[in-house]
Amino acid sequence: IVDLAARFDVPVVIHAEAEPQTCEQMRRLLNRSPNTKIIWEHNCGRGPAAQIAEFLKNYPNLICGLGQMAVPLTNPYGYGTGWPAERSKHITVVQYPDGRINRKMRDLFEAFPDRFIIGTDIAHPFQYSRYNDMIIAFRRLLSQLEPETARKIGYENAEKLFGGTQK
């Protein structure tokens, strides 16, 4: 799949948590496929900022997808809050239930503004009614970043990645 994606210059999206074994598998995949754009969803597996930074420094073809990482105030329990932390001890909070962004995550976004894209990750019909809440949550998250970083993460990176128009 990654070879085919590289051939046609399209990204591959991977949903996986950043547990130690998975991180090692991701390193192998990224080393094996340096010409494939790989989007690792849920903020590169919801790992700690330092771990994500290490991946981004070492793998220029890696993009962190922020699907489900913004926390809607209407339902503040989701992937971005670290829920369900009892299932995996590696999870890092991106945003607190009151909407404040984790400082380490904010610093990571500012350090690598070209390497993140937003997404709702709404894949099931029962989630469709949450779409508007997710967009509001992303606006709140992006409002806590520098304007240039917010623009890049909010839409410019996705336009570049998926071949959209550039201003």
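This report walks through a predicted model of one protein chain, from its overall layout down to a few single residues.

## The overall layout

Let's start with the big picture. The chain has 7 helices and 4 strands.

Now take the contacts between residues at least 6 apart in sequence: 71% of them join residues at least 24 apart.

## The nonpolar core

In soluble globular proteins, nonpolar side chains tend to be buried together. Here, the largest nonpolar core has 39 residues. Which of its members touch the most other members? They are Trp40, Leu62, Phe109 and Phe116.

A disulfide is a covalent bond between the sulfur atoms of two cysteines. This structure holds 1 disulfide. Cys44 and Cys64 form it, with their sulfur atoms 2.1 Å apart. The pair ties together distant parts of the chain: Cys44 sits in helix α3 and Cys64 in strand β3 (residues 62-65), 20 residues apart. The torsion about the S-S bond is about -100°, so this disulfide is left-handed.

Both Cys44 and Cys64 are buried. What about Cys23? Cys23 is in no disulfide, and the nearest cysteine sulfur, that of Cys44, is 9.3 Å away. Cys23 counts as buried because its relative accessible area is 3%, and the cut-off is under 20%.

## Glu41, a buried glutamate

Helix α3 covers residues 41-46, and Glu41 lies in it. Is Glu41 buried or exposed? With a relative accessible area of 11%, Glu41 is buried.

So what surrounds this residue? Leaving out residues up to four places away in sequence, Glu41 touches Val13, Ile14, His15, Ala16, Gly65, Leu66 and Gly67. Glu41 and His15 are 26 residues apart along the chain, yet their C-alpha atoms are separated by 5.2 Å. The side chain of Glu41 also reaches the backbone nitrogen of Gly67, at 3.0 Å.

## The largest pocket and Asn157

The largest pocket holds about 210 Å³ of space. Its lining is made up of Lys37, Pro60, Asn61, Leu62, Ile63, Asp114, Arg115, Ile117, Asn157, Lys160 and Leu161. Strand β3 and helix α7 (147-162) each supply at least two lining residues, and α7 gives the most, with 3. Leu62 links two parts of this story: one of the pocket-lining residues, it is also among the core members that touch the most others.

Asn157 is one of the lining residues and lies in helix α7. Asn157 is buried, with a relative accessible area of 9%. Which backbone atoms does its side chain reach? The side chain of Asn157 reaches the backbone oxygen of Pro113 at 2.7 Å and the backbone oxygen of Phe116 at 2.8 Å. Beyond its neighbours within four places in sequence, Asn157 is in contact with Pro113, Asp114, Arg115, Phe116, Ile117 and Lys152.

Methods
Residues numbered from 1 in each chain as written. Predicted model: local features only at pLDDT ≥ 70, side-chain atom pairs only at ≥ 80, totals over all residues. Heavy atoms only, no water. Core = buried A, V, L, I, M, F, W, Y, C linked by side-chain atoms within 4.5 Å. Buried < 20%, exposed > 50% of the residue type's maximum accessible area, 1.4 Å probe, protein only. Contact = heavy atoms within 4.5 Å. Polar contact = N/O pair within 3.5 Å; in protein donor to acceptor, adjacent residues only side chain to side chain. Disulfide = S-S within 2.5 Å. 1 Å grid on protein atoms, 1.4 Å probe; cavity = no way out; pocket = protein on both sides within 12 Å on 5 of 7 lines; lining within 4 Å. Points joined across faces, edges and corners; volume = space filled by probe spheres on them.
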